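Please open the structure in your viewer and keep the selection tool at hand. This tour moves from one selection to the next and says what can be found at each stop.

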Amino acid sequence: MSGAASILRQPWLWAWIGAFAVWLATAVFTGGRGSGEVLSAAMTFGAFFVIVGLGQMFVITLGPGNVDLSIPACMTLSATVAMKTMDGQAAMIPVGLAIALGIGAVVGCVNYALIRLLRIPPIIATLSSSFIFQSAAIWWNRGLRVKPPEPLADFTTAKIAGIPVIALAVIVLAVLGHILLARTVFGRSVVAIGQNMRAAHLAGVKVERIRALTYIMCATLAGLCGFLLAGFSGGAALNMGEEYLLSSIAVVVIGGTSVAGGFANVPGLWGAALFLFLLVTMLNTFGAGAGVRLVLTGIIIIGVIVAASGGTRKT
Amino acid sequence: MSSVFSPRMLRSLLPPLSLAALLIAIFWLQPRTMSYFGLNLLLNLAVPIALATIAQMFILCVNELDLSIGAFVSLVACITATWLHDTPLLGILALAALIGVYALLGALIHLRNLPSIVVTLGMSFVWLGLAVLVLPTPGGKAPEYIRWLMTLKPAVVPFPIIACIALALVVHVALMRSAYGAILRGAGGNPRSLERAGWSILKIKMIMFALAGFFGVLSGMALVGLTTSADANIALRYTLLSIAGVILGGGEFVGGRVSPIGAVIGAVTLALAGSFLSFLRLNPDWQIGAQGAILIIVLALRVLISRAEKRT
């Protein structure tokens, strides 16, 4: 098989092609003005999508029915508590980060405990727990917006040679995620469980332990994303996680990871994250109003999913 | 095993018992609610929630999940408060078209074997976008006849109670007691054997999705009848409420095991939970959280019951 043919078969290719096409369309429309800035913004916002997408990808890969719907609530809760604790003091940043990650881990544990103890599908478990986390976030800061410490805000907005630092950091994170998925026992076990849980169990995979770790990791990444996003956007807002419910799933699916589980890839996450952001930018540049933008975003996401899942019908 | 307290009996009694417990608690905290007027106020908003829950139940019955029903109900509310009020014909056509889109979604999800969560999440954007286009700023006006219906004051029994009971019974008879209802539910239970018996799963999925769309439309209309005006975000929380309602009412997530009566009871329970908390003078911040907690508690009780069931 030639090299070109094997590249064409990569599942992540289409997300990157889509992202490039959308960016090109925007650049042509504006006559190339500001397309560098658009790309830089896409990398920043894409980075946030990738952080949550990474966790969601591992969860979805566990197989049908596995999805974490508590990501938005988890992001909001971690961010509000961390921001309030830090209270804008630079010295408190490590504490704040530890709190955000810790809350994420606890959220993951609660989610998994519900799934395991109540024997309910993860969708319902994470949905009901997200109600509680969201309420906890509302109660904790009563809608007050506490400014993030200056160094944190600087870090999330800094650029090296035009490339956002946070994007570089998340690229490193994505590489680690790829190694975790493709080169470790944990990653291979997740894929094995997604392909056939019973076979994985018989092959000696500790199914429940792996599932628990996956949910905890996903929620911890959501906590991290909430922390960084609050730093970037000048404080935690109660609705900050809202759009990440769809985005986290869309990024995974558009990126070429199988929604039926058992098959995942990391490069597609970045392609899909850039695609999602650039798509909205393109619609904005074309002068579409909020309504049209929402409708087109929805239709295009569904269209991509329909196209991406073509031929995978297994009955 | 003929005892009233057999686990199976307990399980089917769980939803009405939770509702009764909640009602008693509310009456005890606030005796004034124990009147025609009080009940009317308490249960008014339960009607659209119950309709949305029934819509979600049809989807869950064929092993899918609709994460767009809240946005859909919002869109219907916006259309009802604008087109249906100003140009009734256009309004009716638009609402009928929406039901058609739901049927097509069912076909798409089935034919391409797509995960319904992702498709309906995408659709929630579409519905919300359309709602913003139809009604950019909150407003509009409810058509007179809907307003009249929703503010009916029948003698003795308040309207919301009659509406909920009628809804539960009609859907129960149609889905649980009719021959075709059994076929429809079978698509969730064992699609393969149904297909072998010559039934088209595609058609069944389209019917179930269309039914969900139909009850979603009713929910939006009922909501506007109560609120008199609409906005694009009016019913977004219905998505979560409707799923929770079906589950509370004893529905299972797979296998076509649903209960229309239970779903309506579940919806009413969730609608009342909010009032209960405000009577408790609990922090309003915890309203959503309490709904989650109620859901978890009921699911935990169910696990305990089915454990007991295994032991006997």
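The stops below go from whole chains to single residues, and then to the place where the chains meet.

Keep in mind throughout that this is a predicted model. Begin by colouring chain A by confidence: its pLDDT averages 88, and 95% of the residues score at least 70. Then select residues 311-315 of chain A, where pLDDT stays under 50 and for which the model has two contacts beyond four places in sequence. Where pLDDT is low, the predicted coordinates should not be read in detail.

Turned along its principal axes, the C-alpha trace of chain A spans about 55 × 50 × 35 Å. Its radius of gyration is 19 Å, which agrees with the value near 20 Å that a compact globule of 315 residues would have. Of those 315 residues, 53% count as buried, and among the contacts in chain A between residues at least 6 apart in sequence, 77% join residues at least 24 apart.

Now switch to chain B, which has 15 helices and zero strands. The radius of gyration of chain B is 20 Å, close to the 20 Å that the globule rule gives for 312 residues, so chain B is as compact as a globular protein of that length. The C-alpha trace of chain B spans about 60 × 60 × 35 Å along its principal axes, and 52% of its 312 residues count as buried. For contacts in chain B between residues at least 6 apart in sequence, the share joining residues at least 24 apart is 79%.

**Helix H6 of chain A and the residues around it**

Select residues 122-141 of chain A, which form helix H6; this helix of 20 residues reaches 28 Å from its first C-alpha to its last, close to the 28 Å expected at 1.5 Å a residue. Is H6(A) mostly covered or mostly open? It is mostly covered, since 15 of the 20 residues of H6(A) are buried.

Next, look at the residue that follows H6(A), A:Arg142, whose phi is positive, near 45°. Then move to A:Arg119, in the loop between helix H5 (93-117) and H6 of chain A, where phi is near 50°, again a positive value in a residue other than glycine. Most residues other than glycine have a negative phi. A:Arg119 counts as partly exposed because it has 13 C-beta neighbours inside 10 Å.

A stop in chain B goes with this one: select B:Asn113, in the loop between helix H6 (88-111) and H7 of chain B. The phi of B:Asn113 is near 55°, a positive value, and with 13 other C-beta atoms within 10 Å this residue is partly exposed.

**Inside the nonpolar core**

Which residues have the most contacts inside the largest nonpolar core? They are A:Leu269, B:Ala50 and B:Val264, in a core of 218 residues. Helix H3 (residues 35-61) of chain A gives the most to this core, with 16 residues. Centre the view on B:Val264 and, leaving aside its neighbours within four places in sequence, display its contacts, which are B:Ala50, B:Thr53, B:Ile54, B:Cys164, B:Leu167 and B:Ala168.

Return to chain A and select A:Ala174, in helix H8 (residues 165-183). With 20 C-beta neighbours inside 10 Å, A:Ala174 counts as buried. Beyond four places in sequence, A:Ala174 is in contact with A:Val50, A:Leu54, A:Val266, A:Leu269 and A:Trp270.

For a contrasting stop, select A:Leu213 in helix H11 (residues 207-232) of chain A, which is partly exposed, with 17 other C-beta atoms within 10 Å.

**Where the chains meet**

Finally, show both chains together and select the residues in contact between them: 36 residues of chain B touch 37 residues of chain A. On the chain B side, the elements giving two or more residues are helix H7 (116-134), helix H13 (238-248) and helix H15 (287-311), and H7(B) gives the most, with 13 residues. Coloured by class, this side of chain B shows 27 nonpolar, seven polar and two charged residues.

Terms used. Residues are numbered from 1 along each chain as its sequence is written. Chains are lettered from A and ligands numbered from 1 in the order in which they are written. This is a predicted model: local features need pLDDT of at least 70, side-chain atom pairs count only at pLDDT 80 or more; totals for chains, interfaces and linings use all residues. Helices (H or I, at least four residues) and strands (E, at least two) are DSSP runs, numbered from the N terminus. The expected span of a helix is 1.5 Å times one less than its number of residues. A residue is buried if 20 or more other C-beta atoms lie within 10 Å of its own, exposed if 12 or fewer, and partly exposed in between; C-beta atoms are placed from the backbone. Two residues are in contact if their C-beta atoms, placed from the backbone, lie within 7 Å. Ala, Val, Leu, Ile, Met, Phe, Trp, Tyr, Cys and Pro count as nonpolar, Asp, Glu, Lys and Arg as charged, and the others, Gly among them, as polar. pLDDT is the predictor's confidence in each residue, from 0 to 100. The radius of gyration is taken over C-alpha atoms; the globule rule is 2.2 Å times the number of residues to the power 0.38. A nonpolar core is a set of buried Ala, Val, Leu, Ile, Met, Phe, Trp, Tyr and Cys residues joined through C-beta atoms within 7 Å.
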